[in-house]
Amino acid sequence: MTRIGVVGATGAVGTVTLGLLTERGFENVRAFASSRSAGKQVPYGRGELRVEEADAESLGAGDLDLCFFSVGTDASLELVPHAVAGGTVCIDKSDAFRLTDGVPLVVAGVNDTALDHDEIVANPNCSAIQLSCVLKPLHDAAGLSRVRVATYQSMSGIGDSGIERLRATAPAEGDLAMDWDMEGDEFSEESKLRAETGKILDLPDLALHAQCVRVPVLVGHAQAIWVETVEQLSADAARDALAAAPHVGLHDLATPKDAVGRDEVLVGRIRPDTANGTGLALWSVNDNLRKGAALNAVQIAEALLERNLIPA
Ligand code: 2RA
């Protein structure tokens, strides 16, 4: 039975990860978190797990086959190498290793073939997961030449602090925000979206421009997407390609609420781009805590199991 650790078990993504592992019947699961949360109990199945402190000793002990890390970049940089040294395959949800050469950056259903690794597998940024699920079938159908995307990202993308902040805000006081670090002319989120999507789709030179905004919504990221393709792609052909794609659901006029608790990336409003005779415009929404984070990580684990890269 696969011995699994969930590190960051008390946070928003860790909580969803535990729920998904319960639903899928994983039985040998341990919960880890920082010293602040060690000793707490978290629900698991019909019972509870006692949260253990995540440190070099506990994670490096060699008694875990697989570990999910839903902690920040610094904590991942510190802790993941200890787990790897103990022989544990680590699925890391921070951006610590995503662009590291040799570390697969995987969206289940999009580039599972990259899973040839037995140490670290990186889970992409929630926005890159959502976008890749939409772009992959379009690329397979007609070849992508240019992509523009405007994001509307929910407060849970920040983590627990974002959720608490929105809950404490009166509805009439909600505002847009741009809360990412600047990297030159862009937010780090915008350059991540280009670099990670390029790595996932194996299109390192993909021309992609992103404009990211935070919206006062609790869960569910939305994206307005404009694509140009090498070969002409009609809206009907794009709709057919998306309907056949894994982890994508067609849904016109979907709002973040429609996506909450759902596994698929919802896509609709597929239409010609009136500003560009050869392009298409689309709209997508996704539960950023599920396919955008925890669900994708659990699907990576299932793909590792299928490939016998971790013990069943
Ligand atoms: C955000 N993509 O929403 C990030 C979260 N991981 O800011």
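How are H1 and H9 oriented to each other, parallel or oblique? The structure is a predicted model, in which local features need pLDDT of at least 70 and side-chain atom pairs count only at pLDDT 80 or more, while totals for chains, interfaces and linings use all residues. Residues are numbered from 1 along each chain as its sequence is written.

The axes of helix H1 (residues 12-23) and H9 come within 9 Å and cross at roughly 45 degrees. Helices (H or I, at least four residues) are DSSP runs, as are strands (E, at least two), numbered from the N terminus. Axes are lines fitted to C-alpha atoms, for helices over the stretch in contact, and angles run from 0 to 180 degrees between N-to-C directions. H1 and H9 are therefore oblique to each other; angles under 35 degrees count as roughly parallel, over 145 as roughly antiparallel, 65 to 115 as roughly perpendicular and the rest as oblique. On the H1 side, Val 13, Val 16, Thr 17, Leu 20 and Leu 21 meet Arg 290, Ala 293, Ala 294, Leu 295, Ala 297 and Val 298 of H9; two residues are in contact if their C-beta atoms, placed from the backbone, lie within 7 Å. By class, this contact of H1 with H9 holds 9 nonpolar, 1 polar and 1 charged residues (Ala, Val, Leu, Ile, Met, Phe, Trp, Tyr, Cys and Pro count as nonpolar, Asp, Glu, Lys and Arg as charged, and the others, Gly among them, as polar).

H9 (residues 290-306) also packs with H4 (residues 126-142), at an angle of about 90 degrees and with the axes 8 Å apart. H4 is therefore roughly perpendicular to H9. Here Cys 126, Ile 129 and Gln 130 of H4 meet Lys 291, Gly 292, Ala 293 and Asn 296 of H9, and the contact comprises 3 nonpolar, 3 polar and 1 charged residues.

H4 has a further partner in helix H6 (residues 188-200), the two axes coming within 9 Å and crossing at roughly 45 degrees. H4 and H6 are thus oblique to each other, and H4 passes H6 in a right-handed crossing. Ser 127, Ala 128, Leu 131, Ser 132 and Leu 135 in H4 face contacts with Glu 189, Lys 192, Leu 193, Glu 196, Thr 197 and Ile 200 in H6. The residues of this contact divide into 5 nonpolar, 3 polar and 3 charged.

Around the ligand are Asn 125, Cys 126, Ser 127, Gln 153, Gly 157, Ile 158 and Glu 189, where a residue is near a molecule or strand if its C-beta atom, placed from the backbone, lies within 6 Å of it. This shell has 2 nonpolar, 4 polar and 1 charged residues.

The domain assignment gives domain 1 (4-124 + 293-306) and domain 2 (127-288), with bounds that come from an automatic or database domain assignment. Their C-alpha centres lie 25 Å apart. In the contact between them, 14 residues of domain 1 touch 18 residues of domain 2. H9 gives the most to the domain 1 side, with 3 residues. That side has 8 nonpolar, 4 polar and 2 charged residues.

Definitions and conventions: Left-handed = near helix turned anticlockwise from the far one by under 90°.
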